[in-house]
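Please read them alongside the coordinates.

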Amino acid sequence: MSGDLPPDTLRGATTLRGSTTLRGSTTQWTRAVSAPLRSFLRTESGSAGVLLAAIVAALVWCNISATSYDSVWHSVLSLRLGHWSIVRDAQTWVNSGLMTFFFLVVGLAARREFDLGDLRERRRFVLPATAGLAGMALPAGIYLAITHGGDGSRGWAVAMSTDTALALGLLALVGRSLPERVRVFLLTVFVVDDVAALVVVTFVYSGHVRMWPLLVALLGLAAVAVLMALHIRFGFGYFGVGVVAWCALLGSGVDPIVLGLVLGLMTSDYTPMRADLERATGLFRLFREQPTAELARTATAGLTSTLSPNARLQNLYLPWTSYVIVPLFGLANAGIVLSGSFLAHAYTAPITLGIVVGYVVGKPVAVVGGTWLVERLSGGRLRADVGWAAVAGSGTIAGIGFTVSFVVADLTLHGQELAEAKLGVLTAGVLAAAVTWAVFAITRRLPATRRARALLGDADQLTDLCDDVDPERDHVRGPARASVTLVEYGDLQCPYCGQAEPVLRDLLADTDLRYVWRHLPLADVHPQAQLAAEAAEAAAAQGRFWEMHDLLLTKQDHLKVPDLIGYAKQLGLDADRFYDELSGHAHADRVAADVASADRSGVSGTPTFFINGQRHYGAYDLPTLKQAVKQARARVAIRADAG
């Protein structure tokens, strides 16, 4: 028997490309909470420290020299172009200009939840929408009741909105070790809160609206929609149209920050399709062969085009808004003079009390009550994805307001009333953080089973894995009746899969875990991956899949044809049969079926893990995977008790 195979076999990458046509026709269905959402949560949480520092700096600055603070932020800055000009003070440029980018990010997050997150199942929008709207209406009602229709009552929307960045950051401090699902639930409620609050600012607090400038702004949005429909990717074109629309809104009397929200909601999100990634790899290879400036531009454009517009804008603006713009907003707006006489008066003033009670009492009551009402009216069909302790903690941390609260306060209140409102917002934030800490401290003291139920709940989760595990077809390790199943889509030549292998071996010491391997050879970057997958299937035909699988992952630099035949002999396989099946691609369809199932589940890279049908995002080190398996097992136990 010769150690050489026919030419089509030697071209591993070509063989896979030949089967790509079949796989590429499969529609990609993106599932689960997207990885960018995890990035959003981490960035927002991390920026909270910068924002807190900016608030403290503003208070210190204002109390050392209120005159210099006011003179800086009320300095007039103008933008002139011929006879046309915009003249505003520095604070307004921050509040209505730079904050437009912050609300663009808010809109992007909301659209991502509808495209990739839990809200892709539209009926699930009912619960966070109800909780978010109730969390706005009740605090506003409490504020109006306490102010008794006085002069401060026009600021009723100050106590409506939650500051996402600050709330997530403080939650990371007071609610350590919480399941990621708790933060995701909280974010979905906050997104509704932010969007609705911006609608209120736009339609309630705009002054006299001039129609011609407003029409120009609407035409600008229509132009953006046309550019998106034509898949135009010229960023400066969008930016130019956006600037025109912003100026028009400013001239119309409508607060232009709403433009950012609308543009964000218009921007679609999706995960990269594998066919696009393979084309990008081809462009990079061309550049590698001929490193010219033209091919560099082409390769860069090709790589960038695989990402959704939403993901690209998030990557561009999220760090700037989180670490620069929002802290700058805090520095420009949080300065108030804290004298003894002012504090004594403010803490008995209706404006301050209305905001504090609205946030600290109204928010948690509304969030918990709204969630309970939806579950009750739906007969349990619509339920929170977390337990009641997590819902309560989300309600209490929602009592932290800042950005939209200060925007509304600046639009509606002035002088002493404005200072009282700012003090109320800051005080409510401190109290809300303390109450949230107490909620989760009590939860941590519960017995393990009750704690798991209180945090995770017993609602059914969306299933991200499209193709269920089939023991007759899939390659399975571990007990068939295990409560937790871990599915990996892997590439036998992928170094990351090789790094994950010893971790998975340690994990399989758990006797209540079932592990499944499915092939996803990425032949555009790993030329021998397709052939290695077929070799593993040829070994499976002789009852030795796992032995070959384990061996190939340790020999990733030696996967050429003679190597594979040598491994077959080493494992005691029928080498002639192995050779015939490998040379004839007898198992190519079996590998292609795994790849097709990866497409259906939105998998485009390796390794990708699913735990009890839900996609695992983040690290795949042993502690992280153990924690994920532990949470999955806790959910199974909760559902068993409920049943």
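1. A search of the whole structure gives 13 aromatic pairs. Rings of Phe, Tyr and Trp (its six-membered ring) pair if their centres lie within 6.5 Å; planes under 30 degrees apart are stacked, over 60 edge-to-face, and the rest tilted. Trp-61 and Trp-73 make a tilted pair, with 6.4 Å centre to centre and 55° between the planes. Trp-61 belongs to helix 3 (residues 35–64) and Trp-73 to helix 4 (residues 66–73), so this pair ties together parts 12 residues apart in sequence. Helices (H or I, at least four residues) are DSSP runs, numbered from the N terminus.

2. This is a predicted model: local features need pLDDT of at least 70, side-chain atom pairs count only at pLDDT 80 or more, and totals for chains, interfaces and linings use all residues. Residues are numbered from 1 along each chain as its sequence is written, and side-chain values use heavy atoms, leaving out hydrogens and water.

3. Are the two Trp residues buried or exposed? Trp-61 is partly exposed, at 26% relative accessibility, while Trp-73 is buried, at 8% relative accessible area. Buried means under 20% relative accessible area, exposed over 50%, and partly exposed in between (1.4 Å probe, protein chains only). Trp-61, Tyr-69 and Trp-73 form one aromatic cluster.

4. Phe-329 and Phe-402 form an edge-to-face pair, 5.8 Å centre to centre with 90° between the planes. Phe-329 sits in helix 14 (residues 309–333) and Phe-402 in the loop between helix 17 (388–397) and helix 18 (403–412), so the pair ties together parts 73 residues apart in sequence. Both Phe-329 and Phe-402 are buried.

5. Ser-308 is found in the loop between helix 13 (293–305) and helix 14. Ser-308 is buried, with 1% relative accessibility. Its side chain makes a polar contact of 2.5 Å with that of Asp-269; such a contact is a pair of N or O atoms within 3.5 Å, where within protein one must be able to donate a hydrogen and the other to accept it, and residues adjacent in sequence count only if both atoms are side-chain atoms. Leaving aside residues up to four places away in sequence, Ser-308 touches Ser-268, Asp-269 and Tyr-270 (contact means heavy atoms within 4.5 Å).

6. Helix 21 (residues 495–507) bends by about 30° at Glu-501, and Pro-502 follows within four residues. The bend is the angle between axes fitted to the seven residues ending there and the seven starting there. Buried residues in helix 21 include Glu-501 and Leu-504.

Notes. Helix = DSSP H or I, 4+ residues; strand = E, 2+ residues; numbered from the N terminus. Expected span 1.5 Å × (residues − 1).
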